[in-house]
Amino acid sequence: MKAAAALVKDIREELRRIDDELRAHPYPDAIARGEVTLEGLKAFPGHQHHVALSDLRSMAMMLQRFADTPWRDFWSGVLQGELAAPGGIAAIGQKLGMTSDDLDRYEVTPEGFAYATQMAWAAANASAAEIACALLINFPAWGFNCGRMASALRDRYSFGPEHTAFLDAFAALPSFEDTAIAIVQDGLDRGVEPRAIRRTTRLFQAYEKMFWDAMMALGTRRTSA
């Protein structure tokens with residue numbers, strides 16, 4: 001596992017700047033300060049509704065592709081986690097006055113949906129090693145911001161735990177480092193190029209930041225009279 005562990009360490013260092021930017025993203029702080037209106041907050045469940053449905057199909061494809069490997073339970077777990085997402089997103093939407101029809105009809109922006117597009121591409125084209133490394137490095141930053149956002153919504157907008165369950169689940173996601181490194185090592189042993197693993201992980205992080213940037217722009221946008 002030494003080669004995989006060293007590669008993951010190197011990629012973390014290469015992406016430290018964007019990881020730091022993600023963890024210090026101004027959007028959760030803007031919510032905490034009351035700078036995001038209730039109308040502006042609708043962009044989050046509106047986008048995530050479509051992202052989650054897309055990711056659900058993507059993760060089902062991953063399980064289909066990698067079910068014959070020793071890490072079938074890992075891919076199954078990723079899919080099971082995503083199965084719970086639509087209900088949690090709907091609860092956020094309901095708190096903001098959005099119906100299921102509102103969520104279905106919500107028009108996403110390219111920037112807000114780019115991450116889901118990357119996930120779909122990876123599900124169809126990337127190796128298990130690329131995806132496992134990307135999720136290993138991406139999910140902690142996503143979960144960290146979900147935790148910040150959940151706290152801000154509870155403190156500023158009177159959200160209850162029943163409304164923030166989607167965010168809280170990602171904030172409390174357990175580490176899967178050992179499994180991911182094992183998958184990366186298997187990929188390296190099978191000839192997966194390190195540069196492919198680096199590239200896929202870098203793109204996931206970039207599209208993650210693009211999502212939060214889109215939420216900030218939409219959430220704090222002021223309409224003219």
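Tutor: Helices (H or I, at least four residues) and strands (E, at least two) are DSSP runs, numbered from the N terminus. The model is predicted, with local features needing pLDDT of at least 70 and side-chain atom pairs counting only at pLDDT 80 or more, while totals for chains, interfaces and linings use all residues. Residues are numbered from 1 along each chain as its sequence is written, and side-chain values use heavy atoms, leaving out hydrogens and water.

Student: Is Gln205 buried or exposed?

Tutor: Gln205 is found in helix H13, and among its contacts (heavy atoms within 4.5 Å) beyond four places in sequence are Leu15, Ile18, Asp19, Leu22, Ile137, Asn138 and Ala141. Relative accessible area, taken with a 1.4 Å probe and protein chains only, decides the class: under 20% is buried, over 50% exposed, and in between partly exposed. Because its relative accessibility is 1%, Gln205 counts as buried.

Student: What separates the C-alpha atoms of Asp213 and Pro26?

Tutor: Asp213 also lies in helix H13, where a relative accessible area of 33% makes this residue partly exposed. Asp213 and Pro26 are 187 residues apart along the chain, and yet the separation of their C-alpha atoms is 8.7 Å.

Student: How are the axes of H1 and H12 oriented: roughly parallel or roughly perpendicular?

Tutor: The axes, which are lines fitted to C-alpha atoms over the stretch in contact, with angles from 0 to 180 degrees between N-to-C directions, come within 8 Å for H1 (residues 2-14) and H12 (residues 177-189), crossing at roughly 110 degrees. Angles under 35 degrees count as roughly parallel, over 145 as roughly antiparallel, 65 to 115 as roughly perpendicular and the rest as oblique. The relation of H1 to H12 is therefore roughly perpendicular.

Student: Which residues of H12 meet H1?

Tutor: On the H1 side, the contact is made by Lys2, Ala3, Ala4, Ala5, Leu7, Val8 and Arg12. Their partners in H12 are Glu177, Ile181, Val184, Gln185 and Leu188.

Student: Which helices are included in what covers the buried residues of H9?

Tutor: Helix H9 (residues 110-125) has 16 residues, and those that are buried are Gly112, Ala114, Tyr115, Ala116, Gln118, Met119, Ala122 and Ala123. What covers them includes H5 (43-66), H10 (128-157) and H13 (194-219).

Student: What is the relative accessible area of Ser158?

Tutor: Ser158 lies in the loop between H10 and H11 (165-171), and although it is not a glycine, its phi is positive, at about 60 degrees. Ser158 is exposed, its relative accessible area being 56%.

Notes:
The expected span of a helix is 1.5 Å times one less than its number of residues.
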